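Hi everyone, and thanks for coming. Please have a look at the picture first, and then I'll walk you through it.

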Amino acid sequence: MTEKNKGSLVSKDTGKAYASGDGKAFAKRKDPHRGRNLTLTVITSALFIALMVWYQKNAYDHSYAISIIERSAIYAVGAVAMNLLTGFTGLFSLGQAGFMAIGAYVTGVLTIPVTARQSVYYMNGIAPWLEKLHLPMVPAMILGGLAAAGFAALIGIPVLRLKSDYLAIATLGFAEIIRALLAAPMMDTITNGSYGINNIPGYKNMFQPLLIAAVCILVMLLLINSSYGRAFKAIRDDEVAAEAMGINLFRHKELSFVISSFFTGISGGMLACYMRSIDTKTFQVTLTYNVLLIVVLGGIGSVTGSIIGSFLINGGQEWLRFLDEPHAIGAFQIPLFRPGFRMVIYSLLLMIVVLFWRSGIMGNREFSWNLLFQRRRKKKAEGGET
Amino acid sequence: MAAENVLRIENVTMQFGGVVAVNNLSMEINQGEIVALIGPNGAGKTTAFNVVTGVYEPTNGRVQFQGNTIIENHPRGKMKKLYQGENPEVFSNVISKTPDRITKLGIARTFQNIRLFKAMTVFDNVLIATHMRSKANVFSAAFRVNAAEEAANREKAMELIEMVGLLDNAGDIATSLPYGKQRRLEIARALATKPSLLLLDEPAAGMNPQETEELAHFIVKIKDDFKLTVFVIEHHMDLVMSISDRIYVLNFGSLIAQGTPADIQSDPLVIDAYLGTGVS
């Protein structure tokens, strides 16, 4: 093989075959497979929507599947928001549950029907200014996101000076403070203290959460692919070099933190509408770990990875439910199959995935049709050579 | 006079704890010059760069860029007692700018130990450097209101990549390139910030003689094309002697000589400390 051939092969493998040679086209992001990819995207989206419509039409029979899909969509927003911070800006924060709690409580409190308020707050009574304050779902969620973003902006000033593990610990502490604050007796007339709030109106159909999730993820994707997103990635890769390229570290870190928290708050609001009744126990550290798990499994630095991870984790927990039920071979009751066994297998599967797919399912790549086809072509080429 | 100096370093001392890394360094770099800073390893050359670019806050001294003071400091706090340098009373102001603001003023740099954005393509590495001069805020950038500006930036980044001869590698991951190409990429990235003063920290390190010679032509070319002033740290004496207008020599943090390449080559102090007797 000549040196030149080798070079072209290498560039093909990195998925940028069309890049070499034609600088102008590359700068303008021209893709030779655009037509094919567009067709494929349209077909898959249509199939997905058709499936959703079918589910929705038979909502009564498929309420279980619908609830898994809804929850996956909600976690996907949270995971992509965390990925924006951890995977793209390189800031490891564990404050997810705290920001979700803020979003959830703002959304929850504001959307409870005015007529139902007295029954929700029957123990402590409701603050008079809040009694008649009611917002539709989406504005309430946005307000929840803004509240989370506001808190993030405030704590970001001291906390973002920290690095890696220290930042994680500080934000973890913040999340616990938020949880304690929400449950504090002084907040009883607003958050209903430890009783939690219920009667939150749920989604009218499964398209509502899916659409909100899609819009949120799309906005984050647009941001990641903008010049600000590139600046975030620069900070992740090398802070000193990023600063030498004129990127103000603090400003961009704060920006990423605030935007991530905004969408985390929205995912919290979505969760409130999904669960319909929330209390502070919902927002324990476990929630953060679940989101983190999705991010790590899907691939740190991959938006599509987070979405796939969310569906896998939320779906997987349910698909494995048969393990909790007793099974028998003939007359012999297998002793392993009892409640709790599911979690053993689930954890084992996760460990296997992390061991063998160290950078998650997607690594830091994004799903694209080109990637898929290149994989296949590569496999074919390998098969041909040997 | 002052207006002519692009960069003016006055009595800069950088002390880390009890170690004086740069001692009372004063330099002037004029518009359109190529000035080299040479000296043995550990002489404090890179430290001087880091002071100018705002990575370190000097213990004492002042740096002026295009007539404006960008950095000034005097021994304060703990350093008041520890300070071992000279002129502790000369400077009274404290001015410090973060590296990004100094870059914005028009000082760009490359790094001795290459610092590319590892996980990104060659193209993205250069494109990132255009972000600083972009007028878009986060909303207009995310919702593509700045599409025209973005397109112009992408085109400009591509031009720079073409200029440094990396067109075929534009889509490759930066760290997959061979060393010499990574160095050229760093220069392209620095140029994308639209500097008026370019600081090159050992740009020829790890290059073979032929690559070094190409680099020499390249530095002179970009200096003329982009109307730059170049301040370079380098160990390759052939390169330094062939392109520099003036040379400063550091040893143990102190300036031991300055002058034209011819002066430096015959300076007994420099020969003793750095060049050795083998050089004619």
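This is a predicted model: local features need pLDDT of at least 70, side-chain atom pairs count only at pLDDT 80 or more; totals for chains, interfaces and linings use all residues.

Residues are numbered from 1 along each chain as its sequence is written, while chains are lettered from A and ligands numbered from 1 in the order in which they are written.

Let's begin with chain A. There we find 18 helices and two strands. Along its principal axes, the C-alpha trace of chain A spans about 80 × 70 × 40 Å.

Chain B has 11 helices and 10 strands. Its radius of gyration is 20 Å, close to the 19 Å that the globule rule gives for 280 residues, so chain B is as compact as a globular protein of that length. Its C-alpha trace spans about 55 × 45 × 35 Å along the principal axes.

Now, how are the strands of chain B arranged? One open sheet has four strands in the order E2-E1-E4-E5, with antiparallel pairing. Two strands pair if DSSP finds at least two bridges between them. The edges are E2 (19-30) and E5 (68-73) of chain B, each pairing on one side only. From one strand to the next, the twist averages 15 degrees. For angles like this one, axes are lines fitted to C-alpha atoms, for helices over the stretch in contact, and angles run from 0 to 180 degrees between N-to-C directions. Inside this sheet, E1 (residues 5-16) and E4 (residues 60-65) of chain B run antiparallel and are joined by five bridges. B:Ile9 stands opposite B:Val63 in E4(B).

Another open sheet of chain B has six strands, E6-E7-E8-E3-E9-E10, and its pairing is mixed. Its edge strands are E6 (107-109) and E10 of chain B. E9 (residues 246-251) and E10 (residues 254-259) of chain B pair in the antiparallel sense over five bridges, and B:Ile247 has B:Gly259 in E10(B) as its bridge partner. In their hairpin, with two residues between the strands, B:Phe252 takes a positive phi near 50 degrees.

On to the helices of chain A. Two packed helices are described by the angle between their axes and the distance between the axes. H4 (residues 63-86) and H15 (residues 285-298) of chain A pack at an angle of about 70 degrees, with their axes 9 Å apart. That makes H4(A) roughly perpendicular to H15(A); the cut-offs are under 35 degrees for roughly parallel, over 145 for roughly antiparallel, 65 to 115 for roughly perpendicular, and oblique for the rest. H4(A) passes H15(A) in a right-handed crossing. Right-handed means that the near helix is turned clockwise from the far one by less than a right angle, and left-handed means anticlockwise.

For a second pair, take H8 (residues 137-159) and H14 (residues 249-275) of chain A, whose axes come within 7 Å and cross at roughly 140 degrees. That makes H8(A) oblique to H14(A).

Finally, how many residues of chain B are in contact with chain A? There are 40, and they meet 32 residues of chain A. Contact here means that the C-beta atoms, placed from the backbone, lie within 7 Å. H6(B) gives the most to the side of chain B that touches chain A, with six residues. By class, that side has 20 nonpolar, seven polar and 13 charged residues. Nonpolar covers Ala, Val, Leu, Ile, Met, Phe, Trp, Tyr, Cys and Pro, charged covers Asp, Glu, Lys and Arg, and the others, Gly among them, count as polar.

Definitions and conventions: Two residues are in contact if their C-beta atoms, placed from the backbone, lie within 7 Å. The radius of gyration is taken over C-alpha atoms; the globule rule is 2.2 Å times the number of residues to the power 0.38.
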